Amino acid sequence: MRKIIFIISMMFLCQLSQAQDNTKFWLGADISGTTELEARGQRLYNLDGEIRENTALMKEYGMNAIRLRVWVNPRGGFCDKNDVLLMAKRAKYYGMAVMIDFHYSDWWADPGKQHIPAAWQYMSYDEMRMTLKWHTTDVLQLLKDNQIDVRWVQVGNETTHGFLWPMGKAEENMEHYAGFTQAGYEAVKSVYPDADVIVHLDAGCDQKRYDFIFDGLRKYGAHYDLIGISVYPYWDKEAKLEQDTEGTIRDFVANVKHLYEKYGVNSMIVETGTESKKPIEGKKIMSDIINAALRQCDGHCLGVFYWAPELEGHYPLGAFNNHRPTIIMDAFKEAARQLKQ
């Protein structure tokens, strides 16, 4: 009898542990450019001037997850499946969860461009859908064969207007975009049944663009598990979507709640960032975003990922200066400390 009670107790504790893990709040970064920086001979340092590998540095700042993009046939090989595997192995070493972000392009894909990979240019819709499915499965199977536990997979990057243009442009052919999304979903589940499939859009403050895409996916029966949002006060002001940071935060919080109420799906900030040249202001902004995601979204925002914090130079929204973290990164360290209390 005691043995039976012990077994039941252990099963309960295991289920409780899994439930707690599933509701964990995630702090992470997209550091997909790490190996390219290394190939250029660039080194990163902690505040004491000690050399640090990028994944290790993110871990030191309290992050528990890493996001990695995948391009189809990139020039130079950076962000292809083998490069992604190399970086995913580092995340595994540090005990960090892995998010895979499929761009379905040979290079950058975002709301302004969603170029079909060169090798897919002359395919029919059915051929491209099957090739997308094969590519997704191929990349994920490589990771699984190397014991990488992928927790989330993005089917497209900032697909506000669909992807694989013009065939999958949402405004012109929502049905094809939904079909591509469903093909990606099926591919992910065939390799990682428990991974969450993410559909990711930009401008998390703008409810209208989310309704347009997710109404379309619902109409044509495409599946997903989680909504990925980008939250960038800087770009929202540039696009005249918001007048200030407070507006971005207020409206992304309202949108997260709206999305859960309308579609029954949680959200995650898979991209965010602030100006590296204004570190004191940037640290406050990042702390406010993390706190809003954690405490104002009624539990429906599951985490925050900074995009390319190590990136310096032409990109204004990194979080490093002179190859070292600025105070902006302290927002993650402080949040991680609070989550442990």
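Visitor: Why does glutamate 271 count as buried?

Guide: In this predicted model, glutamate 271 has a relative accessibility of 6%, and because buried means under 20% relative accessible area, glutamate 271 counts as buried.

Visitor: What makes the approach of glutamate 271 to arginine 67 a polar contact?

Guide: The side chains of glutamate 271 and arginine 67 come to 3.2 Å, and since the cut-off for a pair of N or O atoms is 3.5 Å, the pair is a polar contact. Glutamate 271 itself belongs to strand 9, residues 267-272, and beyond four places in sequence it also touches other residues, among them Asn157, His200, Tyr232 and Trp307.

Visitor: How do you know that threonine 272 is buried?

Guide: Threonine 272, which likewise lies in strand 9, has a relative accessible area of 0%, and because the limit for buried is under 20%, threonine 272 is buried.

Visitor: Which residues have the most contacts inside the largest nonpolar core?

Guide: They are Met58, Ile100, Leu143, Phe214 and Phe252, in a core of 86 residues. Helix 6, residues 174-191, gives the most to this core, with eight residues. Apart from it lies another core of 11 residues, including Trp26, Ala65, Met268 and Leu302.

Visitor: What makes Trp307 worth a look in the largest pocket?

Guide: Trp307 is listed with Trp108, Asp110, Leu311 and Tyr315 as the closest to the centre, out of 42 lining residues. The space in this pocket is about 1,100 Å³, and its lining divides by class into 18 nonpolar, seven polar and 17 charged residues.

Visitor: Which element gives the largest share of the lining of the second largest pocket?

Guide: Helix 11 does, with three residues. About 390 Å³ of space lies in the second largest pocket, and of the 22 residues that line it, Lys24, Trp26, Lys59, Asn64 and Gly95 lie nearest its centre. The lining comprises 11 nonpolar, four polar and seven charged residues.

Terms used:
Residues are numbered from 1 along each chain as its sequence is written. This is a predicted model: local features need pLDDT of at least 70, side-chain atom pairs count only at pLDDT 80 or more; totals for chains, interfaces and linings use all residues. Side-chain values use heavy atoms; hydrogens and water are left out. Helices (H or I, at least four residues) and strands (E, at least two) are DSSP runs, numbered from the N terminus. Buried means under 20% relative accessible area, exposed over 50%, partly exposed in between (1.4 Å probe, protein chains only). A polar contact is a pair of N or O atoms within 3.5 Å; within protein, one must be able to donate a hydrogen and the other to accept it, and residues adjacent in sequence count only if both atoms are side-chain atoms. Contact means heavy atoms within 4.5 Å. A nonpolar core is a set of buried Ala, Val, Leu, Ile, Met, Phe, Trp, Tyr and Cys residues joined through side-chain atoms within 4.5 Å. On a 1 Å grid over the protein atoms alone, a cavity is a set of points where a 1.4 Å probe fits but cannot get out, and a pocket is an open set with protein on both sides within 12 Å along at least five of seven lines; lining residues have an atom within 4 Å of a point. Grid points are joined across faces, edges and corners, and a volume is the space filled by probe spheres set on the points. Ala, Val, Leu, Ile, Met, Phe, Trp, Tyr, Cys and Pro count as nonpolar, Asp, Glu, Lys and Arg as charged, and the others, Gly among them, as polar.
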